[in-house]
Amino acid sequence: MIHVRGLTRFYGPIYALRGVDLDVEAGESVTILGPNGAGKTTLLRILATLLNPSSGEAQIDGKDLSTSSYDIRARLGFASHRSLIYDNLTVEENLIFYGKLYRVPGLAARTEDLLRTVGLLSRRRSRAGTLSRGMLQRLSLARAIVHKPDLMLLDEPYAGLDQESAEMLEVLLDAVRGEARTVVMTTHNLERGLGRSDRMVILTKGRVVFEAPSSSLTLQQLRESYWEHCRQDSGAEEVPS
Amino acid sequence: MNTIRSALTIVWKDMITEWRTKEMFSSMFVFILLVIVIFKFSFDLRISNAALLVPGILWAALTFAGTLQLGRAASLEVEDAHVDGLLLAPVPRSAIYVGKALGNLVFMSITELIMLPIFSALFNLNLFQPLILLAIFLGTVGFASVGTLLSTMAAYSRAREVMLPVLLFPIVLPIVIAAVKLTAGVIDGGTWQELAVWVRFLIAFDIIFLAISLMTFRFVVEG
Amino acid sequence: MMKSIWKAGPLLWLSALMIITALCLVFLYAPTERTMGDVQRIFYFHVSSAWVGFFAFFVTFFAGIAYLRTKKRLWDIVGHSSSEIGIVFTSMAVLTGSIWAKPTWNAWYPWEQEPRLILVSILLLIYFAYHMLRAFVRESEQRARFAAVYGIVAFVGVPLTFMSIRWWQSLHPVVFASKGSGLTPPMLWTFLFCLLSFTILYFVFLIQRCRLSILADQVEDLKRRVLHE
């Protein structure tokens, strides 16, 4: 589904990615780990067509990102710790707004369905600005899947969530996966990452340094590999749990 | 077709937001009254017929109020990365530009409709004349078209409140000159032959800057 | 490889020689103008600076388009450098214009009579804004994009600004309609030579300024490598 070769991206003279190769099969779930500044967000934003790569190729289903980004965007869901929800619209209006931009058929029914799934049906007429952090994150996820994307890109979905919201998010992610969608997620949280995905990828200083199927790894092994690859990286600010 | 529909969806969203908060119109109303008062007192003492100043004051007030509106509309989108949500959608970048520019045009026009009666009353002058309305409309189209582009850039920069007027004012100067000339010409009872040159000039400005902004907008929002 | 292209070398010496020759031509060769006298001699450098200023902004415009098409950092450097040089030469044009205006029109800054004066002032404001924009956008790739877009918008607006000022001014009495007319052949040759010398001087400045930016980039790069690897 995703085919990335030699992907680089620099911001002026600063390199964020220096030659990333990555393949993701349809229906597969991949977690990208790495310290801050490793290039995780840059990689995801390139896949989401929000950023252009400086060089290298990136294809989704054989279509080049830079030339057919329009088709690709229709099949892509992207969620980050930024909710992209408008505070002054109601919960329902937010979904309708994005649904219209994606030209979702049967929008009213789809909206109701989604709100039931994320448990916000009773708050449908509340302004989004009045929601709690956890509810907002759920609405944000509903926004990202309003058009039933084949490919989900999740950038630090757990950032800023309390334990309860994080668990609810996991239930939702499982539901998303149940529809045989491809998921690529970045996180700092090794344990959650390992539990939810088929393959682990570690990114450091803009390069893929480690790649293994989740089934072949224990949490202890993953921790050791992570430390081995990220220890000498001065950019690592957060210590993974 | 697709572009227009997406653009209208964005306008609809901005309308609802404004309808709920009423932030823009309430602040615009107070702001315009203050501008009029300031101008009235800073010139009235030295010039006996304040009506002579109306074209200038009108366009100074429109420029300031328009700049505030543009800045606010752009920062609503850029703050909290909302623009990412628009960029992720399968709509052309130009649809986002058209939506925001159309929204700015509508909001600025409503502000102007509130403003004109106040001006007419305070300066005892009928401003509801076809050519003045045309001048205001054409001027606003040009202002909104290049303003939407520049306010988006300003919203991404630091010190955005200062940045927007600095970027915008020298570029829209021709609009201000043409519109002031046109308004003054109408008040002085000029003929169509004398004034047509400014109407044509404004139309040319609008077309040129609409085209340039449409072409370059995607480079502003796309990383 | 970059070093060899970005050294001004012979061009530098050529331009030094030409500027000296131009000075000789202006003060020794060109005849004294009948009505204005010696003060008219400033015309040669005044118009040449104005031309270079305008040309420099055109290069910024062109580099903007090239940057948006290729995303090559070099075009950003060229646009930025050229706009700086443009500001310097435009300021020189304003300054020499003022010196000329004082004895001729008895005013340092005759707004009312001379629409071109307003135009250059607006040009300066626009390109100050360009530099402010650059200063206030932190991320260098974004800065390059924004500067390119503004460089394009600004330059496209210039003819419109000029036209509007022209017509605005046309209601005032036109005191000095045209000033360049009636040049004798020696005056014309001197003028053309000055124009050429200033244009070459512009390219010397441009190359030096670009080279400075490229070197600054290399220093940044080295710093980062030493610190992080």
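Author: Start with the interface of chain A and chain B, where the rule finds 13 residue pairs in polar contact, both residues at pLDDT 80 or more. A polar contact is a pair of N or O atoms within 3.5 Å; within protein, one must be able to donate a hydrogen and the other to accept it, and residues adjacent in sequence count only if both atoms are side-chain atoms. This is a predicted model: local features need pLDDT of at least 70, side-chain atom pairs count only at pLDDT 80 or more, and totals for chains, interfaces and linings use all residues. Residues are numbered from 1 along each chain as its sequence is written, chains are lettered from A and ligands numbered from 1 in the order in which they are written, and side-chain values use heavy atoms, with hydrogens and water left out.

Reader: What makes B:Arg20 and A:Glu93 a salt bridge?

Author: The rule asks for a side-chain nitrogen of Lys or Arg within 4 Å of a carboxyl oxygen of Asp or Glu. The side chains of B:Arg20 and A:Glu93 meet at 2.8 Å, N to O, so the pair qualifies.

Reader: How much area do chain A and chain B bury between them?

Author: About 2,700 Å², 60% of it on carbon and sulfur atoms. Buried area is the accessible area (1.4 Å probe) that two parts lose on being put together, summed over both. In chain A, the residues that lose the most area to chain B are A:Arg73, A:Tyr86 and A:Leu101, together 23% of what that side buries.

Reader: Why is B:Leu149 called buried?

Author: Buried means under 20% relative accessible area, exposed over 50%, partly exposed in between (1.4 Å probe, protein chains only). B:Leu149 has 0% relative accessibility, so it counts as buried. The residue sits in helix α6 (residues 130-156) of chain B.

Reader: What does B:Leu149 contact, leaving aside neighbours within four places in sequence?

Author: Contact means heavy atoms within 4.5 Å. The partners of B:Leu149 include B:Tyr97, B:Phe217, C:Val149 and C:Val153.

Note on methods. Helix = DSSP H or I, 4+ residues; strand = E, 2+ residues; numbered from the N terminus.
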